[in-house]
Amino acid sequence: MKALVYAGPGKKELREVEKPRVIKDGDAVVRLVKTTICGTDLHILGGDVPAVKEGTILGHEGIGIVEEVGAGVSNFKVGDKVIISCVTSCGKCHYCKQSLYAHCEDGGWILGHLINGTQAEYVHVPHADNSLYHIPQGISDDAAVMISDILPTGFEIGVLNGQVSPGDVVAIVGAGPIGMSSLLTAQFYSPSKIIMIDLDDNRLEESKKFGATHTVNSRDAQAAMDKIFELTDGRGVDVAIEAVGFPATFDLCQRILSPGGRLANVGVHGKPVDLQLQDLWIRNVTITTGLVSTNTTPMLLKTLETGKIKPEALVTHRYKFDNMIEAYETFGNAAKENALKIIIDFE
């Protein structure tokens with residue numbers, strides 16, 4: 001089969017590799033129908049995730065058709081169309097029993113990280129009963145792909161960790177797919193203002209279509225901070241969601257918080273940040289971090305069934321799998337290409 005393989009920092013190759021098979025009773029093999037590229041994949045290629053070994057198939061999102069199941073799989077059968085969760089869960093260990101699937105003792109974020117992932121014609125999924133989801137009727141394929149990772153990530157690590165509440169002023173730093181997912185799901189809680197902050201004016205303009213009440217270009221950091229304080233009567237924001245993963249964007253978040261504010265870090269950081277603890281402690285600031293557990297996926301699926309949010313609108317580009325390298329080039333130059341989420345089609 002064909003697969004997109006990590007070949008070391010800055011290198012990726014479309015290769016012929018061996019098709020996966022069921023190894024344990026709880027496994028499934030899924031034939032991919034659609035996948036996508038995540039900002040985390042770019043961090044891996046940038047050398048920020050050293051646990052990824054050369055030769056690993058990248059990708060942790062997608063939908064497909066069940067091709068084979070182990071004898072212990074009871075929730076799925078051959079031919080089922082499924083969502084592949086970015087997080088693998090055994091459902092039995094100490095952490096899974098706390099719904100902290102990100103730290104499953106025999107799973108967590110392993111696809112495209114510690115084991116081969118979804119940017120391939122077939123993928124091997126351990127613990128299939130707890131790591132796949134049936135696609136409800138009425139949910140489009142594109143929306144189902146967004147449920148794999150970005151929607152639960154933006155919701156759990158951004159909105160829920162940030163404790164977004166009615167009337168809050170929320171700032172989201174980073175208008176990429178994760179930031180947009182936080183924007184969509186923050187509206188569940190009726191904040192009074194949602195300020196989207198980014199370097200890209202095109203993305204900022206796009207964010208208004210998804211519910212941003214204000215936008216700020218952060219090219220000049222001081223001017224951006226001045227504008228945010230102007231929008232908040234000098235107080236700062238109640239919630240700052242960091243959705244990029246760079247020291248500069250984290251720094252902006254910690255500087256625009258009001259007393260009692262919450263900083264929810266969602267971005268994948270590959271370098272240390274400068275924590276201004278000497279200023280933060282006296283302002284009763286809370287900082288949270290996290291790796292998505294996808295424990296909200298069932299709820300988000302029900303929300304999508306109602307049509308209240310339409311994450312498929314985040315899709316801006318489409319490619320066939322044979323053009324995967326070109327798709328990466330587009331996603332890696334998102335500002336120039338006006339790209340948000342890219343769908344990779346196998347059919």
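## The six-stranded sheet

Let's start with an open sheet of 6 strands, ordered S10-S9-S8-S11-S12-S13 with parallel pairing. Strands here are DSSP E runs of at least two residues, helices are H or I runs of at least four, and both are numbered from the N terminus; two strands pair if DSSP finds at least two bridges between them. Strand S10 (214–217) and strand S13 (286–288) stand at the edges with a single partner strand each, so one side of each has no neighbour in the sheet. From one strand to the next, the twist averages 15°.

This is a predicted model, where local features need pLDDT of at least 70, side-chain atom pairs count only at pLDDT 80 or more, and totals for chains, interfaces and linings use all residues. Residues are numbered from 1 along each chain as its sequence is written, and side-chain values use heavy atoms, with hydrogens and water left out.

## Inside the sheet and across it

Strand S8 (residues 169–173) runs parallel to S9, and 5 bridges join them. Valine 170 stands opposite isoleucine 194 in S9.

Two helices come next. H5 lies across S8, S9 and strand S11 (237–242), running at about 175° to S9. Helix H8 (residues 247–255) lies across S8, S9, S11, strand S12 (257–265) and S13, at about 150° to S12. Contact means heavy atoms within 4.5 Å; axes are lines fitted to C-alpha atoms, for helices over the stretch in contact, with angles from 0 to 180 degrees between N-to-C directions.

## Aromatic pairs

Rings of Phe, Tyr and Trp (its six-membered ring) pair if their centres lie within 6.5 Å; planes under 30 degrees apart are stacked, over 60 edge-to-face, and the rest tilted. By that rule there are 3 aromatic pairs. Phenylalanine 155 and phenylalanine 188 have ring centres 5.5 Å apart and planes at 75°, so they sit edge-to-face. They're 33 residues apart, with phenylalanine 155 in helix H4 (residues 150–160) and phenylalanine 188 in the loop between helix H5 (177–186) and strand S9 (193–198). Phenylalanine 155 is buried at 1% relative accessibility, while phenylalanine 188 is partly exposed at 30%. (Buried is under 20% relative accessible area, exposed over 50%, partly exposed in between, using a 1.4 Å probe and protein chains only.)

Phenylalanine 321 and phenylalanine 346 make a stacked pair, 4.6 Å centre to centre with 25° between the planes. Phenylalanine 321 counts as buried, at 4% relative accessibility. Phe155, Phe188 and Tyr189 form one aromatic cluster.
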